[in-house]
Each structure stands twice: as structure tokens, then as C-alpha cells.
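Dear colleague,

Please find below the structure I am handing over to you, together with its sequence. My notes on what was found follow directly after it.

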Amino acid sequence: MSTEQIPYKIYLSENEMPTSWYNVRADMKNKPAPLLNPGTGQPMGYEDLRPVFCDELIRQELDNDDREIPIPQEIRDFYKMYRPSPLVRAYCLEKKLQTPAKIYYKFEGNNTSGSHKLNSAIAQAYYAKQQGLKGVTTETGAGQWGTALSMACAYLGLDCKVYMVKVSYEQKPFRREVMRTYGASVTPSPSDTTAIGRKILAEHPGTTGSLGCAISEAVEVATSTPGYRYVLGSVLNQVLLHQSVIGLETKAALDKYGIVPDIIIGCAGGGSNLGGLISPFMGEKLRGERDYRIIAVEPASCPSFTRGRFAYDFCDTGMVCPLAKMYTLGSSFIPAPNHAGGLRYHGMSSILSQLYHDGYMEAVAVEQTKVFEAAELFARVEGILPAPESSHAIRAAIDEALKCRETGEEKTIVFGLTGTGYFDLVAYEKFNNGEMSDYIPTDAELEASFAKLPHVPGQE
């Protein structure tokens with residue numbers, strides 16, 4: 001098909017939306033390692049996880065075998081408010097770069113939360129409501145997840161308690177106010193409202209917080225408050241499952257025009273959007289049907305894949321959550337306060353960690369000044385102000401397109417534009433004022449964090 005026949009935006013109809021989520025674990029030869037009880041070191045089953053998570057979400061978390069899991073009608077109806085999302089051909093960016101590469105991006109910012117997070121937020125809130133719960137607790141970094149969950153809870157009439165990483169709470173007051181507008185309570189983390197928060201503050205006075213800190217507080221409140229459960233916006237198997245709607249729609253849109261991507265790129269913090277975007281393509285790769293080059297892009301200031309260890313680690317700084325086997329910087333690792341945006345988590349999804357370990361995908365780490373250079377270029381030529389997280393993928397897509405300019409190769413590149421950056425203007429201001437700097441943790445800093453990894457017999 002000629003270039004002229006491919007529109008700027010490829011839309012699916014409501015009837016072409018996925019009716020089931022795709023569970024990539026069903027096609028993985030090496031399944032993700034199980035969650036372990038931090039006290040006994042034994043794999044955690046359904047009953048072990050019930051005090052923390054919703055019942056149906058636990059079933060999805062533990063399901064390694066069912067390839068397709070039906071999406072309930074009420075969730076599908078909610079999706080129709082903002083899905084299907086468009087797959088956009090970046091003609092203007094291609095022209096600016098003078099590249100023979102064809103660049104597409106899946107845009108997930110066309111809802112009030114401004115990101116892909118709503119895909120899982122509505123699912124998790126739905127199952128909490130079905131279980132008869134009063135409310136849920138969670139953490140949020142840059143605020144996209146907290147915003148999405150507050151929207152979903154407002155829609156379903158659930159209470160929502162959000163612990164927001166302190167540096168983001170202070171830098172992004174407008175994101176905080178959107179959450180409050182939707183009825184959520186928002187607390188800067190670490191806080192003095194929980195035992196674990198007070199402990200972290202005592203050990204790290206003046207800390208700007210981390211997702212690991214906020215998780216600990218949210219879990220403590222959920223497990224000590226009747227009628228509440230904890231929900232998470234990334235990392236967990238269930239979240240990657242819900243986010244598979246991104247990849248399923250992307251593949252359906254590409255298939256409509258006979259387009260086969262060579263390279264698929266996503267930003268990586270905990271893994272939700274990357275896992276969702278690549279899932280059906282990774283499934284083809286795992287089944288030996290097609291091959292794709294899949295690239296995870298992470299911040300150089302929080303480089304879980306590229307400099308982390310593949311090991312069992314606590315999912316939270318307070319060391320109260322289950323142990324997960326993942327690429328990790330250590331649960332005590334706290335990103336530098338000059339780190340802009342999300343992607344602040346110390347570890348990576350167990351699914352993606354296993355796939356990366358087995359060689360099915362690659363990873364690159366990029367400095368934030370280079371990320372914002374890419375964001376600015378993209379905004380000027382494509383007309384969308386991208387979120388800092390998404391801009392990591394933009395950076396890598398631009399780099400790959402420039403390589404094509406040098407070699408003359410006409411590769412097709414697809415990346416995930418996870419959301420908009422309209423609540424991230426403090427970071428853009430620092431970049432525009434020349435006040436943004438790059439921080440890369442030293443080997444000594446990482447080694448100090450690795451030294452605190454838990455000892456799990458038989459896993460060294």
C-alpha cells in the first residue's frame with residue numbers, strides 16, 4: 001500500500017475493540033517467577049494474597065495459562081468513552097528528521113487522566129465494586145495513575161486514598177487537584193499518617209520519597225482498614241493484562257493496512273504501558289510466527305533493566321509487600337529529586353524481566369535532558385505536548401529513525417505515546433530555563449542498594 005493511502009490517524013470502530021484481554025504468560029516458555037512470602041520465602045497463593053488484593057484480581061495475577069480473559073461488558077462500555085485510541089502516522093516528524101523510516105505512535109492521552117493508566121484503573125475499581133468493597137488505596141508517582149484511579153472510583157462510587165510521591169506532590173499541584181476533584185484523598189509520601197511512613201522519615205529525614213515508599217503506606221492503610229484493598233498501577237501481572245488493549249488495538253490498526261512493524265518501542269518504569277503495547281507482538285514472537293525488535297526505554301537516573309540485578313526483591317521500600325523476581329535497583333533505591341516525571345520505580349514487571357532475561361527484548365537508558373530535547377521537537381512538529389515518561393520512547397524512536405537516515409533503510413517504527421504533559425510544565429520550565437541536569441547513579445550507590453537485597457535460598 002502506498003504512503004498516500006495510509007491516513008494520518010488510523011481509527012478502529014467500536015465493533016473492532018478487543019472483547020478479551022491477552023495474557024502473554026500463556027505463550028511464555030519460562031513463566032514469571034511466583035511472588036514469595038517475605039516471612040517464609042514460600043510462593044504465595046490465592047489465600048495468601050486476599051488481605052491485600054481483590055479476589056478476582058488475584059485470580060488474574062496468578063493465571064499463567066489462559067491466553068484470553070474476557071473483558072466484562074461494564075468495563076467495555078466505560079472503555080468506549082475514550083477507546084479505541086488512534087494510531088497516528090508521524091508524517092511531520094518523519095519529514096523533520098528527513099528519514100526514510102515510517103513512524104507510528106499509539107496515542108493514549110485522549111482522556112481526562114491524560115494517560116493509558118485508565119485502562120487498568122477502571123478494571124481494578126470494577127472488581128473492587130463487584131466484591132462489595134468500600135474503597136481502595138494506592139500510590140502514584142507523577143500522578144497519572146492516581147488521577148486515573150480517582151476517575152474510575154468516582155464513576156463506580158468507591159472511596160479512593162492516594163499516597164503521592166512527595167516530590168511529585170510538590171512539583172505537580174494541578175495533578176493533585178484533579179484527583180481531589182474526582183473525590184480522592186491525596187497524601188504526600190512518606191507521611192506521618194502511617195507507621196511505615198514515620199519509620200522512613202526517621203531514617204531518611206527530608207527525603208523526597210519514592211514509589212516504593214508510597215506503596216508501603218498504601219498497603220499498610222489497605223490491610224488495616226476494613227472494606228479496603230490495595231490496587232497498583234503498574235508492575236503486576238494483572239495490570240499488564242488489562243493494558244493489553246493498547247497492543248491489541250495497535251495490531252488491529254496496523255493489520256487493517258497490511259503494516260508490519262520492524263521496531264516497537266515503549267518507555268519503561270514498572271512496565272504497564274510497555275507490556276500492554278508489545279503483548280500481541282511478543283505473543284507472535286514467542287510462538288515463532290514473526291520476529292520484531294522490541295526496545296524498552298528507561299531513565300538513566302533509574303536504570304532497572306540496564307544496570308539492575310535480576311533477583312528477588314521487595315516490591316516496596318518498607319519491605320512489607322511480597323518478594324518479586326525482577327530486574328531491580330534494590331527496594332531502598334530512591335531516584336534523585338531532579339528526576340522529572342514518573343518511571344521512578346526501583347524494579348520492573350516480572351513478566352518483562354523474564355522476557356528481557358530470556359533475550360526477547362532489549363533495553364536502553366537515556367538522560368533526561370536528551371528526553372526533553374526529543375519532547376520539545378515532537379511537540380513542535382506533531383502538535384502534542386508529550387508526557388516526560390512517553391518522551392523516553394520518543395527519544396529512542398527518533399534515534400532509530402536517524403539511524404535509518406544514515407543507512408537508507410525504510411524501517412517501520414511503532415512507539416507508545418502514553419500520555420500528555422500538560423501537568424508536567426514545571427519540568428518543561430526547568431528544561432527551557434536551562435536548569436535541568438542529568439543525574440546518573442554511581443556504581444557505588446547501586447552496589448550499596450544491591451547489598452540490601454533479601455537473601456532467598458536457591459535464588460542466588
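I begin with strand E15, where Val414 is the bridge partner of Tyr104. Please keep in mind throughout that this is a predicted model. Val414 is also the bridge partner of Ile264. The pairings behind these two contacts are both parallel: E5 and E15 are joined by 6 bridges, and E10 and E15 by 3 bridges.

E15 (412-417) is mostly covered, with 6 of its 6 residues buried. Thr412, Val414 and Gly416 point one way from the strand, while Ile413, Phe415 and Leu417 point the other way.

These strands belong to an open sheet of 7 strands with mixed pairing, in the order E1-E4-E5-E15-E10-E11-E14. At its edges stand E1 (9-10) and E14 (362-366), each of which pairs on one side only. Within this sheet, E4 (residues 87-89) and E5 (residues 102-107) pair in the antiparallel sense over 3 bridges, and Val88 stands opposite Tyr105 in E5. Helix H13 (residues 272-286) lies across E10, E11 and E15, and runs at about 160° to E10.

There is also an open sheet of 4 strands, with parallel pairing and the order E8-E7-E6-E9. E8 (185-189) and E9 (228-230) are at the edges and have a single partner strand each, so one side of each is left without a neighbour in the sheet. From one strand to the next, the twist averages 25°. E6 (residues 135-140) runs parallel to E9 and is joined to it by 3 bridges; here Thr137 stands opposite Tyr230. Helix H6 (residues 144-156) packs on this sheet and touches E6 and E7 (159-165), its direction making about 165° with that of E6.

Turning to the nonpolar cores, which residues touch the most other members of the largest one? They are Trp21, Ile75, Tyr79, Phe305, Leu352 and Met361, in a core of 73 residues. Helix H5 (residues 118-130) gives the most to this core, with 8 residues. A second, separate core has 34 residues, including Tyr105, Phe415, Tyr428 and Phe431.

The axes of H16 (residues 368-382) and H17 (residues 388-407) come within 8 Å and cross at roughly 85°. The two helices are therefore roughly perpendicular to each other. On the H16 side the contact includes Lys370, Phe372, Leu377 and Phe378, and on the H17 side it includes Pro388, His392, Arg395 and Ile398. By type, the residues of this contact divide into 9 nonpolar, 2 polar and 3 charged.

Beyond residues up to four places away in sequence, Ile200 touches Pro190, Thr207, Cys213 and Thr317. Ile200 and Cys153 are 47 residues apart in sequence, and their C-alpha atoms are 29 Å apart in space.

With kind regards

Conventions: Residues numbered from 1 in each chain as written. Predicted model: local features only at pLDDT ≥ 70, side-chain atom pairs only at ≥ 80, totals over all residues. Heavy atoms only, no water. Pairing = 2+ DSSP bridges. Axes fitted to C-alpha atoms, helices over the stretch in contact; angles between N-to-C directions. Contact = heavy atoms within 4.5 Å. Parallel < 35°, antiparallel > 145°, perpendicular 65-115°, else oblique. Nonpolar A, V, L, I, M, F, W, Y, C, P; charged D, E, K, R; others polar. Core = buried A, V, L, I, M, F, W, Y, C linked by side-chain atoms within 4.5 Å. Buried < 20%, exposed > 50% of the residue type's maximum accessible area, 1.4 Å probe, protein only.
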